[in-house]
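Student: I would like to go through this structure one label at a time. For each label, please give the value and the rule behind it.

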Amino acid sequence: MSRILAGFALFSALAGAGDREVRIAAWITLVGAAFGALFWTLTHDFAGQSVKFALISRAGGAIRSAFAFIPQFTISGNVTGGALAMAAPVGAALVYLAWREGKRFQAYAAGFLTLLALAGLLLTSSRGAMLGLAAATALALLAWLQARLAPSMPGRAGVGGGGGVIFTAVIAGLLVSGNLERLVGSVPDPTGSLQSRMQIWRQGVTLIQDYLFTGAGLSTFPLVFSIYSLLIHVPFHEHMHNIFLETWFEQGVLGVAAMVWGMGVVLGWAWRALSAPTADAGDLGLFRRALGWAGVFALTAMGVHGLLDVVFYLKPTMPLVGLAAAFAAQLAPRQGERVSSAGSAFWRRVASVGGVAVVGLGLIFYRPLLAIGYANLGALFQTRVEMTLYNPDLFDNPSLDEVRREADDTPAIRSFERALEYQADNRTALTRLAQIELSRGEYPQALEAMEKAWGSGYRDEATRMLLSDAWLANGSPQNAVAYIEGISQAEGRVWFQAWYRYWLEEDYPRAIDAWQAALLIDPMAEDAEYWIEQAKQHLSP
């Protein structure tokens, strides 16, 4: 929260500041980026990092070895790369301004510092930052071409609108067809990080549905994701590797709406700047135009990088978002400047039509929406109660099953039951109830809930694992294994059930079933045979 407030404060201080203050802030940004690139390069352990680009790693290692006397520091290459990608457009704007103003020394200094930042960005091997800067460069080229090739506003609207429609259609087509994962899979990925991101996104989207309206709260992802999506008992991932999904998960619909609204505002500023016939015409001067566009391109680089990683939202670099937005705000109309009434009227009509559409859809689909709302409340109640009592550092004292047996989950259960009254196949309500029922030993009820979820078409990994748990608890190792076939943690899952849920609770028949499931997954698992014999001895009279 403090980082978000710091970003807002920085934006508020600079957005309406004078040209001198904004210019100083731009130079501080560029000098800081150049220093950061140099510091990171000279103190980073290139030998200990995952190799994404062999040539870059060798070059970085050679530089580091020449300065081995400098102490080593651990700073994320992705975070550093994101900050450098954000600063590069600012540096380019300062070069342009200094050259136009006849200040050759400043132009050369800004150019040198910008090249230093770009070299540091290359050495970080941050593919997301590189992709973000490439996207910002492509946007700059498109804006330049649009201004040159479509001098009239109808032509510009056609070029911009057509490009936006094509881009949206391509992304939507990849998502709907499922080819996005195949496309990412074709990218060389020696570390496997891109593929793991695709899996996290799939699981994250499913988890977001549990907290769709409200979000789960700030900094809750690591434990909530592990407990309710991965179904393990300790934090595993720090974040969702996507700033938009992370925001939705933590802040819900309002957080995403605020983000989209902010993006729309910046887009409006950019469109207004593009509407001026020349670089020095209209209300925008050369200085405000150059730094404003730099801010737009910086935000573009940060946004594209955010599609692959959460490098600003959860990191100390979060205030840089406010800084980039403050630069972009130089394109906004200042107090007393004329704003197009036609444009304002257009957006008022868009808001009116959108509001009517939202209300209409709400009236038509009120039952599923109420079900989602009650399930959301139930998930919040369950998370608050269970995560207050559970300590992942002492995951077996008490265990999560013991927490659920002792905790007062009544408000959560009631909310889930209300959700099922409005929508009998609500996934959140069914799976969350099944988790509670499995922990409390209500095995037939858990199986009934999960069969209903499966019959409604839910095929995500959490649903499959919970259905497997339910079959195992109801004495069918064969069915249990069938539903988790292909899941990487399948064997570990049944071993966990065998030991922590059944053996420690002295439920030896179910422990035997779980170890038999382990043998079905891996017939060579000799340890499973040993523990089956141990459990049978406890059952002997």
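Tutor: A polar contact is a pair of N or O atoms within 3.5 Å, where one must be able to donate a hydrogen and the other to accept it. Keep in mind that this is a predicted model.

Student: What makes the approach of the Thr-431 side chain to the backbone oxygen of Arg-427 a polar contact?

Tutor: The side chain of Thr-431 reaches that backbone oxygen at 2.9 Å. The limit is 3.5 Å, so the pair qualifies.

Student: Where is Thr-431, and why is it called buried?

Tutor: Thr-431 sits in helix 18. Its relative accessible area is 2%, and buried means under 20%, so the label applies.

Student: Which salt-bridge network includes Arg-427?

Tutor: Arg-427 is linked with Asp-210, Arg-432 and Asp-460 in a network of salt bridges.

Student: What makes the pair Glu-101 and Arg-23 a salt bridge?

Tutor: The rule asks for a side-chain nitrogen of Lys or Arg within 4 Å of a carboxyl oxygen of Asp or Glu. The closest N and O atoms of Glu-101 and Arg-23 are 3.0 Å apart, so this pair meets the rule. Glu-101 is in the loop between helix 4 (77-100) and helix 5 (104-124), while Arg-23 is in helix 2 (residues 19-43), so the bridge ties together parts that are 78 residues apart in sequence.

Student: Why is Glu-101 called partly exposed?

Tutor: Its relative accessible area is 31%. Buried means under 20% and exposed means over 50%, so a value in between is called partly exposed.

Student: How do you know that Arg-405 and Glu-505 form a salt bridge?

Tutor: Their side chains meet at 3.3 Å, N to O, and the cut-off is 4 Å, so the pair counts. This bridge links distant parts of the chain, 100 residues apart: Arg-405 is in helix 16 (residues 400-406) and Glu-505 is in the loop between helix 22 (490-503) and helix 23 (508-521). Arg-405 is partly exposed at 37% relative accessibility, and Glu-505 is partly exposed at 39%.

Student: What separates the closest N and O atoms of Asp-409 and Arg-440, and why is the pair a salt bridge?

Tutor: The closest N and O atoms of Asp-409 and Arg-440 are 4.0 Å apart. The rule says within 4 Å, so the pair is listed as a salt bridge. Asp-409 lies in the loop between helix 16 and helix 17 (410-422), and Arg-440 in the loop between helix 18 (427-439) and helix 19 (443-455); they are 31 residues apart.

Student: Are Asp-409 and Arg-440 buried or partly exposed?

Tutor: Asp-409 has a relative accessible area of 1%, so it is buried. Arg-440, at 30%, counts as partly exposed.

Student: How many salt bridges does this rule give?

Tutor: The count comes to 12 salt bridges.

Student: What is noted about phi in Ser-125 and in Ser-219?

Tutor: Phi of Ser-125 is near 60°, a positive value in a residue other than glycine. Ser-219 has a positive phi of about 60° and is not a glycine either. Ser-125 is in the loop between helix 5 and helix 6 (127-149), and Ser-219 is in the loop between helix 9 (193-208) and helix 10 (221-230).

Terms used
Residues are numbered from 1 along each chain as its sequence is written. This is a predicted model: local features need pLDDT of at least 70, side-chain atom pairs count only at pLDDT 80 or more; totals for chains, interfaces and linings use all residues. Side-chain values use heavy atoms; hydrogens and water are left out. Helices (H or I, at least four residues) and strands (E, at least two) are DSSP runs, numbered from the N terminus. Buried means under 20% relative accessible area, exposed over 50%, partly exposed in between (1.4 Å probe, protein chains only).
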